[in-house]
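Hi,

Here is the structure I promised to pass on. Have a look at it first, and then read on for what turned up when I went through it.

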Amino acid sequence: MLHKTCGSRLKQQYICSKEGGIVEKDDMAKGYEFAKGQYVTFTPEEIKALDEKATNSIDIAEFVPLNSVDRMYLDKVYFLGPDKGGDRAYRLLGEALKATGRAAVGQYSARGKQHLVLVRPLDGVLVMEQLHYPAELKPAAEVPHPETPVKEAELALATQLIEQSSNEEFHPENYRDTVRERVLEAIQRKVEGQEITSEAAPPEAKIIDLMDALKASLAKAGSNPGEKKPAKRVASKQEDEAEAVPRKRKAAGR
């Protein structure tokens, strides 16, 4: 964030919601709201005593089939390398996991927190996937979903469309972050002194008949069998207009 009049960077300040004045760092304390408007506070020493001590190691608890861990739990992914003197054990673990089709589940501590992780082999190296704990996820039952019955004819057409638009492998290199590319291009034009103009807004999506859309998609795919394109979602007239665009909810609650 910059100051609009002179272009200088802005500094963040904390304002007391009760007194209205700026609060300096020495006058700040961390607290937890246990009831509406009621807090318990902790000193830096008390917080430090609660922090988990860093272990610099992963404590493996069990081995499970890799496909038994739902991707909903995935948070972050890191590459692992062997520490000094650990080359043989590193290679052995990777080969054993690859041979059994299993992954190692364990925990490690860093920056005062304890993390649940899954370790699996990938292209000769070990990958550590940091997982969410179950308490960090919202149950799927909280998401409202329609009970509208599916017609067999619609299901058959939708299944056929999916089969025609399917590939046996996922190739992420086929996809690009076009928004990031557009932003970088705009930044470069600004640096070069060009003016930025807004593009015309895209036409508003219309709700069309599901069967007609599926038939049209299948006809298009059939006319160009060598080219596979992602299937597009369409809404049916039979859907309630208020539910035509489902609301998105994050699986991770925290």
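Predicted model: local features only at pLDDT ≥ 70, side-chain atom pairs only at ≥ 80, totals over all residues.

The patch sits on the surface and is formed by Y32, F34, V40, F42 and L50, which together have about 530 Å² of accessible area. F42 belongs to strand β4. With a relative accessible area of 33%, F42 is partly exposed.

Now the overall layout. The chain has five helices and nine strands, and going along the sequence they come in the pattern β-β-β-β-α-β-β-α-β-β-β-α-α-α. Of its 254 residues, 14% are buried. The accessible surface of the chain is about 22100 Å², and carbon and sulfur atoms hold 53% of that. As for contacts with a separation of 6 or more, 61% of them are between residues 24 or more positions apart.

What about the inside? The largest nonpolar core is made of eight residues, namely Y90, L97, A104, Y108, V117, V119, L126 and M128. Four elements each put in at least two residues of this core: α2 (87-100), β7 (102-110), β8 (113-122) and β9 (125-131). Another core lies apart from it, with seven residues, including V64, L116, L118 and L131.

Then the charged pairs. How many salt bridges does a search of the whole structure find? The search comes back with four. In one of them, E129 pairs with R71, with the closest N and O atoms 3.3 Å apart. E129 is in strand β9 while R71 is in the loop between β5 (59-65) and β6 (74-80), so this pair ties together parts 58 residues apart in sequence. Are the two partners buried or exposed? E129 is buried, at a relative accessible area of 1%, whereas R71 is partly exposed, at 45%.

E129 also takes part in a salt bridge with R120, where the closest N and O atoms are 2.5 Å apart. In that pair, R120 and E129 are both buried.

A further salt bridge links the side chains of E181 and R176, at 2.9 Å from N to O. Here E181 is partly exposed, with 30% relative accessibility, and R176 is exposed, with 58%. Back at E129, salt bridges with shared partners join R71, R120 and E129 into one network.

Last, a check on helix α4. What span should its 14 residues (178-191) have at 1.5 Å a residue? The expected span takes 1.5 Å times one less than the number of residues, and for α4 that gives 20 Å, which agrees with the 20 Å between its end C-alpha atoms. After α4 comes G193, which has a positive phi, near 90°.

That's what I have; over to you.

Note on methods
Residues numbered from 1 in each chain as written. Heavy atoms only, no water. Core = buried A, V, L, I, M, F, W, Y, C linked by side-chain atoms within 4.5 Å. Buried < 20%, exposed > 50% of the residue type's maximum accessible area, 1.4 Å probe, protein only. Patch = residues over 30% accessible without salt bridge, like charges linked within 9 Å, V, L, I, M, F, W, Y side chains within 5 Å. Areas by Shrake-Rupley, 256 points an atom, 1.4 Å probe, with all protein chains shown as cover. Contact = heavy atoms within 4.5 Å.
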